[in-house]
Amino acid sequence: MKKILLLSDNHSYIDDRILTYARQADEIWHAGDIGDLKVTDQLKKIKPLRAVFGNIDGHEARKEFPLHNRFKCEEVDVWITHIGGYPGKYSPATREEIRENPPQLFICGHSHILKVMPDKKLNLLHMNPGACGKHGFHQVRTMLRFEIEGKEIKNLEVIELGTR
């Protein structure tokens with residue numbers, strides 16, 4: 001079993017509350033718009049990190065992290081990308097691949113809108129953790145925490161970090 005902390009859209013912001021939750025996870029997954037790499041450097045010191053770069057990330061982040069990160073966690077096929085859309089409205093960059101070879105768990109950032117929803121046509125679960133940074137239109141900073149055990153995604157929790 002793996003305990004996952006999923007976050008996105010820091011826009012260079014990190015604080016002790018984020019780091020406290022990071023310490024409770026087995027792995028940290030980041031769905032892009034990191035901003036300053038000090039954010040990921042701090043997270044990597046705490047736990048293993050899987051991340052992608054986002055549209056605001058510069059060349060240093062783009063050298064360190066991929067645009068798409070597809071991997072297995074336990075027995076779950078996971079795909080993380082920053083701009084991917086959501087069920088019924090996938091982005092042009094992901095639409096064809098997701099239809100031809102859907103993962104079990106599809107994770108995006110970018111919108112700053114917390115969203116967890118199934119795609120019943122493709123038999124996958126979509127997650128967007130919202131934004132944990134202070135830049136953007138969102139009012140409440142959020143992350144997601146869940147567990148993966150075998151083929152099962154369970155114990156999903158929304159973490160609210162307060163207002164911007």
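Two strands are taken to pair if DSSP finds at least two bridges between them. Strands (E, at least two residues) and helices (H or I, at least four) are DSSP runs, numbered from the N terminus. The model is predicted, and local features therefore need pLDDT of at least 70, side-chain atom pairs count only at pLDDT 80 or more, and totals for chains, interfaces and linings use all residues. Residues are numbered from 1 along each chain as its sequence is written, and side-chain values use heavy atoms, with hydrogens and water left out.

**View 1. The hairpin of strands S11 and S12.** Strand S11 (residues 140-149) and S12 pair in the antiparallel sense through eight bridges. Glu 147 has Lys 154 of S12 as its bridge partner. Two residues separate the strands of this hairpin, and Gly 150 in the turn has a positive phi of about 65°. Lys 151 is also placed in the loop between S11 and S12. Lys 151 counts as exposed because its relative accessibility is 60% (exposed is over 50% relative accessible area, buried under 20%, partly exposed in between; 1.4 Å probe, protein chains only). Residues up to four places away in sequence aside, Lys 151 touches Glu 75, Val 76 and Gln 104 (contact means heavy atoms within 4.5 Å). From C-alpha to C-alpha, Lys 151 and Cys 73 are 8.9 Å apart, although 78 residues separate them in sequence.

**View 2. Two loop residues with positive phi.** Most residues other than glycine have a negative phi. Glu 74, which is not a glycine, has a positive phi of about 55°. Glu 74 lies in the loop between strand S4 (68-73) and strand S5 (76-81), and counts as partly exposed because its relative accessibility is 36%. His 110, likewise not a glycine, has a positive phi of about 80°. The loop that holds His 110 is between strand S8 (105-107) and strand S9 (114-119). With 33% relative accessibility, His 110 counts as partly exposed.

**View 3. Strands S1 and S2.** S1 and S2 run parallel and are joined by four bridges. Leu 5 stands opposite Ile 28 in S2. Strand S2 (residues 27-30) is covered on both faces, with Glu 27 and Trp 29 buried on one side and Ile 28 and His 30 buried on the other.

**View 4. The nonpolar cores.** A nonpolar core is a set of buried Ala, Val, Leu, Ile, Met, Phe, Trp, Tyr and Cys residues joined through side-chain atoms within 4.5 Å. The largest has 22 residues, of which Leu 5, Leu 7, Ile 18, Leu 43, Met 143 and Leu 161 touch the most other members. At least two residues of this core come from each of strand S1 (2-7), helix H1 (16-24), helix H2 (38-46), strand S3 (49-51) and strand S12 (152-163). H1 gives the largest share of this core, four residues. Another core, of 16 residues, lies apart from it and includes Val 78, Ile 80, Phe 146 and Ile 148. Beyond its neighbours within four places in sequence, Met 143 has contacts that include Leu 5, Ile 18, Tyr 21, Pro 129 and Val 158.
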